[in-house]
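The points are meant to be read with the structure in view.

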Amino acid sequence: MEEQILVRGVTSPEVLEVMREVPRHCFVPRAHREQAYEDRPLPIGNQQTISQPYIVALMTDLAQVDREAVVLEVGAGSGYQAAVLGRLARQVFALEHLAPLASRAGRQLKELNIHNVEVGVGDGYRGWPEHQPYDAILASAAIDHVPQALLDQLRPEGRIVLPLARGFDSQVLVVVQKSRDGRGMEREVIPVRFVPFVRSGKSG
């Protein structure tokens, strides 16, 4: 898995080390555990997927998370991305709109003794304002614009990493850096394919 990540351009020693440490098979249903370390997304139930390792590594690298960072993840899914972030950041808040997935992710993180990740059920479009400001925000679902609430909850000079839908059946991973005056400066990275962003009626 590490070689597959390296050859595609993620070379951060910290990110690579964490990708080696976090056991991806623990976040994959038993039926797919033999495929856990293949570089591809896998189904996790509820019509959701766990992202391929390269994308998790790339998004983590682009977010530039350090030991003092407070991070918001939108779309916690199985908890795998949150687990990776939790090994690098001071605190991670992970929102998931599907309660069964959030519950399962929370249990798995506790079993792995990752205690600096809090999983909540809520509408990621609204962010999680109680814990702002965030140094980085990552979203694991595609949307056609950057939600203003996420930009508002981001610290100046912080980064949002998320997939943006660009017309019919097209998505691109972007990095949005917030300027000191509150504007978001977008940079496109690579074409991607994520599940669509889903709004819910609950808040974090």
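**Notes on the sheet, the helices and the core**

1. Strand β7, residues 154-165, is joined to β8 by seven bridges, and the two strands run antiparallel. Across this pairing, R159 stands opposite Q177 in β8. The model is a predicted one, and the points that follow should be read accordingly.

2. The pair belongs to an open sheet of seven strands with mixed pairing, in the order β5-β4-β3-β6-β7-β8-β9. The edge positions are taken by β5 (117-121) and β9 (184-191); each has a single partner strand, so one side of each has no neighbour in the sheet. From one strand to the next, the twist averages 15 degrees.

3. Helix α3 lies across β6, β7, β8 and β9, and runs at about 155 degrees to β9. Helix α5 lies across β4 and β5, at about 165 degrees to β5.

4. Why is α3 described as largely enclosed by the rest of the structure? The reason is that 10 of its 11 residues are buried. The buried residues are P53, Y54, I55, V56, A57, L58, M59, T60, L62 and A63. Just after the helix, Q64 takes a positive phi of about 55 degrees.

5. D61 is also found in α3. D61 counts as partly exposed because its relative accessibility is 26%, whereas buried means under 20%. Leaving aside neighbours within four places in sequence, D61 is in contact with V10, S12 and V15. D61 and H145 are 84 residues apart in sequence, and their C-alpha atoms are 22 Å apart in space.

6. The largest nonpolar core holds 49 residues, of which V65 and V71 touch the most other members. The elements giving two or more residues to this core are α2 (13-21), β1 (42-45), α3 (53-63), α4 (80-86), β4 (91-96), α5 (99-111), β6 (134-139) and β8 (171-178). The largest share, eight residues, comes from α3. As a general point, nonpolar side chains tend to be buried together in soluble globular proteins.

7. Which residues does V71 contact, leaving aside its neighbours within four places in sequence? They are V65, L85, A89, Q91, V92, F93, Y134, A136 and L138. Apart from this core lies another, of 23 residues, including I143, I160, V176 and F197.

Conventions:
Residues are numbered from 1 along each chain as its sequence is written. This is a predicted model: local features need pLDDT of at least 70, side-chain atom pairs count only at pLDDT 80 or more; totals for chains, interfaces and linings use all residues. Side-chain values use heavy atoms; hydrogens and water are left out. A nonpolar core is a set of buried Ala, Val, Leu, Ile, Met, Phe, Trp, Tyr and Cys residues joined through side-chain atoms within 4.5 Å. Buried means under 20% relative accessible area, exposed over 50%, partly exposed in between (1.4 Å probe, protein chains only). Helices (H or I, at least four residues) and strands (E, at least two) are DSSP runs, numbered from the N terminus. Contact means heavy atoms within 4.5 Å. Two strands pair if DSSP finds at least two bridges between them. Axes are lines fitted to C-alpha atoms, for helices over the stretch in contact, and angles run from 0 to 180 degrees between N-to-C directions.
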